[in-house]
Amino acid sequence: MKAEILKVLEESHDFVSGQQLCEQLKVSRTAVWKVMKRLKEEGYDIESVTNKGYRLVNRPDVITSEAISSRLSTKYMGRNVTYYETIGSTNLTAKELADKGCENGTLVVADSQTNGRGRRGRDWLSPKGNCIYMTEVLRPKIAPANASMVTLVAALAICHGLKELTGLDLKIKWPNDIVASKKKVCGILTEMSAEVDYIYYIVVGIGINVNNTEFSEELKDKATSLYLETGKKQDRAGIIAKVLSYFEQYYDRFLKTCDLSLLKELYVKELINYQQKVIVLSDADSYEGTALGITNQGHLLVEKEDKEVVEVYAGEVSVRGLYSYV
Ligand code: BTN
């Protein structure tokens, strides 16, 4: 009931009377009063005025399930949400929930991770209270070979969601890092449980640097946060809701064709590597070229110096600018 009351307050920009809340949610006055008391204890600034009712003046920067649910506008993404103050890794927990049969769109969110995981076995530092660590469970009826495109769909959604909320000039570093001022603000780790021809589930793990004020010596040239870029503290629950709303919209579009044909144009507009010199690094070989865009399968098209155009697959290689991380 806390989430429902919060949602009514979030959606109304004026006072909401106690009577209206009781009638709309079919609860007693005492129950409403108790929820208001609890919300105030949790840091919500709620004004209560006799004969007018309640008004949400300010909210704490929390990402509890109520805080997220009260902001959501999606049909299925995040509708079933589990919040942890501290967890090993949201990807790991999401996989456990998925193995037990949780529904499509289930979201696992944490305020900190003790074993945050990045791509290629790297760690993902996950300090408490100022970032977003979340994992979406999806059960697409697509061939396993098409699953890696979901990561690019997520990157586009995050890029557009964060741009809308912050006004920053964010870009995508192929395949799926979101960058601001050529530094990383968000990474995505997508994992899958499948048979050769059938996907049980995909988990899309998203880490966003939101209100971090500093980074370690090792990371400070490569990573940044939305706060450091805008100079303003950002509201994490609002970001989660906005990102999921774009993600659901773009993912539904992806499912129509099982490729990126309906999203490619939007994606390439955000691609920081577009028409740029890149270096393609793989275990076997490395070469320089110019990035020309992506294919409908999400492969990066690179024109080598001898004009041969090659398709670069995510996972197989790493693509860098010649002189920096992007
Ligand atoms: C990368 O290396 O760029 C991917 C980083 C992904 C980090 C997120 S944080 C939420 C989810 N849980 C994890 O353990 N990892 C992902």
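What is the volume of the largest cavity? I began my notes with this question, and I found that the largest cavity has a volume of about 180 Å³. I record here that the model is predicted.

**Entry 1: the cavities**

I looked up how many cavities of 30 Å³ or more there are, and the count is two. For the largest cavity I noted a lining of 20 residues. Nearest its centre lie Arg117, Trp124, Leu189, Gly205 and Gly207. I then asked which elements contribute to this lining, and those that give two or more residues are α5, β5, β8 and β9. Among these elements, β8 gives the most, with four residues. Sorted by class, the lining of the largest cavity holds six nonpolar, 10 polar and four charged residues.

What takes up the space of the largest cavity? I found that the ligand does. The elements that give two or more residues to the shell around the ligand are α5 (90-99), β5 (131-138), β8 (183-195) and β9 (198-209).

I counted 20 residues around the ligand. The closest of them are Ser89, Gln113, Arg117, Arg119 and Lys184. The shell divides into six nonpolar, 10 polar and four charged residues.

I then examined contacts with nitrogen atoms of the ligand. In the side chain of Thr90, an N or O atom is 3.0 Å from a nitrogen atom of the ligand. For Gln113, too, a side-chain N or O atom is 3.0 Å from a ligand nitrogen atom. With Arg117 the backbone is involved: one of its N or O atoms lies 2.7 Å from a nitrogen atom of the ligand. How much of the ligand does the protein bury? Taken alone, the ligand exposes 410 Å², and the protein buries 98% of that.

**Entry 2: the largest pocket**

I went on to the pockets. The largest pocket has a volume of about 910 Å³. I listed 31 residues along its lining, and the closest to its centre are Arg122, Asp123, Trp124, Lys184 and Leu219. Of these, Trp124 is also one of the residues nearest the centre of the largest cavity, and Lys184 is also among the residues closest to the ligand. Which strand supplies the largest share of the lining of this pocket? I found that strand β14 (residues 318-321) does, with three residues. By class, I noted 12 nonpolar, eight polar and 11 charged residues in the lining of the largest pocket.

**Entry 3: the second largest pocket**

I recorded about 240 Å³ of space in the second largest pocket. This pocket is lined by 16 residues, and those nearest its centre are Arg119, Ser148, Thr151, Thr190 and Ala314. I noted that Arg119 is also one of the residues closest to the ligand. Both α6 (149-166) and β8 supply at least two residues of the lining of the second largest pocket, and β8 gives the most, with five. The lining of the second largest pocket has nine nonpolar, five polar and two charged residues.

How values were computed:
Residues are numbered from 1 along each chain as its sequence is written. This is a predicted model: local features need pLDDT of at least 70, side-chain atom pairs count only at pLDDT 80 or more; totals for chains, interfaces and linings use all residues. Side-chain values use heavy atoms; hydrogens and water are left out. A residue is near a molecule or strand if one of its heavy atoms lies within 4 Å of it. A polar contact is a pair of N or O atoms within 3.5 Å; within protein, one must be able to donate a hydrogen and the other to accept it, and residues adjacent in sequence count only if both atoms are side-chain atoms. Accessible areas come from the Shrake-Rupley method with a 1.4 Å probe; for residues, only the protein chains shown count as cover. On a 1 Å grid over the protein atoms alone, a cavity is a set of points where a 1.4 Å probe fits but cannot get out, and a pocket is an open set with protein on both sides within 12 Å along at least five of seven lines; lining residues have an atom within 4 Å of a point. A molecule sits in a cavity or pocket if more than half of its atoms lie within 2 Å of its grid points. Ala, Val, Leu, Ile, Met, Phe, Trp, Tyr, Cys and Pro count as nonpolar, Asp, Glu, Lys and Arg as charged, and the others, Gly among them, as polar. Grid points are joined across faces, edges and corners, and a volume is the space filled by probe spheres set on the points.
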